[in-house]
Amino acid sequence: DDETRSRRALIEEVDWKKCGVKKIFEASGKTEAIEILQKENISILICDIEMPGGSGLDLVEWTQREKMKLGTLFVTCHPEFDYMRKAIQLKCYDYILKPIDYSEFSRVMTEMVEKMEDYDSGEKEEKELLWTAQESAAETLIRNYGTVAGTRNIEQEVKQYVKNHMMEEITIPAIAEELHFNPQYLMRSFKQKTGVSIIEYITGIRMNTA
């Protein structure tokens, strides 16, 4: 993750030993991560999607070309369907959206480590990689998110929120929380629909009202 604050928060908020993780390395981008992967015996890769110098998807593709057997977990603020589908194609274990629910993250991490240990010890009868069983969960995530987003008119919901709160201070996080969408996804979707940003829309409405 290229955001130092995000990396430090993840390291500090999770009880890694309790999850079964013995040692942690951190990298700010693809190049730095590759250097670590080449030098150390890494079992699990946790990464963001969009980073300078190459995306997390690019990084995972590189590990697969190098025939590295890693459990992969994406932690990102991007809920786009294309990203999720690509993550499934790359056999990622799970796809967690920011802001991170650390208790949920810890649960997923513990489960992931246990499945890896079972696989390594030969306790699994099926000779499939640990993340295969998780594909259905990721597919469910995409299907559920797509159903919700696809049946809602984000543009109209934002405009209605602005209308209802015109005399108040309006912020993107407040709108996102009210409508139950990721802020970045909300901003991109609104601009794709209208051609203007939410802030530009609010400014224009207030100027017209004045």
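Of the 210 residues in the protein, 41% are buried (under 20% relative accessible area with a 1.4 Å probe, protein chains only; exposed means over 50%, and partly exposed lies in between). The model is a predicted one, so local features need pLDDT of at least 70 and side-chain atom pairs count only at pLDDT 80 or more, while totals for chains, interfaces and linings use all residues. Residues are numbered from 1 along each chain as its sequence is written, and side-chain values use heavy atoms, with hydrogens and water left out. Here is a friendly tour, topic by topic.

**Overall layout**

- The protein has 11 helices and 3 strands, taken as DSSP runs numbered from the N terminus (helices are H or I with at least four residues, strands E with at least two).
- Along the sequence these elements follow the pattern α-α-α-β-α-β-α-β-α-α-α-α-α-α.
- Among the contacts (heavy atoms within 4.5 Å) with a separation of 6 or more, 60% join residues 24 or more positions apart.

**The sheet**

- The 3 strands make an open sheet with parallel pairing, in the order β1-β2-β3; two strands pair if DSSP finds at least two bridges between them.
- At the edges sit β1 (44-47) and β3, each of which pairs on one side only.
- On average, neighbouring strands are turned by 15° against each other, direction ignored; axes are lines fitted to C-alpha atoms, for helices over the stretch in contact, and angles run from 0 to 180 degrees between N-to-C directions.
- Between β1 and β2 there are 4 bridges in the parallel sense, and Leu45 stands opposite Thr72 in β2.

- Helix α4 (residues 56-65) lies across β1 and β2 and runs at about 160° to β1.
- Thr63 belongs to helix α4 and is buried, with a relative accessible area of 2%.
- Not counting residues up to four places away in sequence, Thr63 touches Leu37, Leu45, Met68 and Leu70.
- In α3, the buried residues are Lys30, Ala33, Ile34, Ile36 and Leu37.
- These residues cover an arc of only 165° around the axis, which puts them on the same side of α3; the arc is that of the directions from the helix axis to the C-beta atoms.
- Thr31, Gln38 and Lys39 are exposed on the other side of α3, and α4 is among what covers the buried residues of α3.

**Nonpolar cores**

- A nonpolar core is a set of buried Ala, Val, Leu, Ile, Met, Phe, Trp, Tyr and Cys residues joined through side-chain atoms within 4.5 Å.
- The largest such core has 20 residues, of which Leu37, Leu45, Leu59, Val60, Phe74 and Tyr95 touch the most other members.
- At least two residues of this core come from each of α3 (30-39), β1, α4 and α5 (81-89).
- Leaving aside neighbours within four places in sequence, Leu37 is in contact with Ile42, Leu59, Trp62, Thr63, Met68 and Leu70.
- Another core, of 17 residues, lies apart from the largest one and includes Tyr161, Ile172, Phe181 and Phe190.

**Aromatic pairs**

- Rings of Phe, Tyr and Trp (its six-membered ring) pair if their centres lie within 6.5 Å; planes under 30 degrees apart count as stacked, over 60 as edge-to-face and the rest as tilted.
- The count by this rule is 3 aromatic pairs.
- Phe74 and Tyr95 have ring centres 6.3 Å apart and planes at 50°, so this pair is tilted.
- Phe74 in strand β2 (residues 71-76) and Tyr95 in strand β3 (residues 94-97) are 21 residues apart, and their pair links distant parts of the chain; both are buried.
- Phe190 and Tyr201 have ring centres 5.6 Å apart and planes at 65°, so this pair is edge-to-face.
- Phe190 lies in helix α10 (residues 183-194) and Tyr201 in helix α11 (residues 198-209), so the pair ties together parts 11 residues apart in sequence; both residues are buried.

**Backbone points to check**

- Most residues other than glycine have a negative phi, and most peptide bonds are trans.
- The peptide bond from Lys98 to Pro99 is cis, with omega near -5°, and Pro99 lies in the loop between β3 and α6 (102-121).
- Lys67, in the loop between α4 and β2, has a positive phi of about 60° and is exposed, with a relative accessible area of 70%.
- Lys91, in the loop between α5 and β3, has a positive phi near 65° and is partly exposed, with a relative accessible area of 35%.
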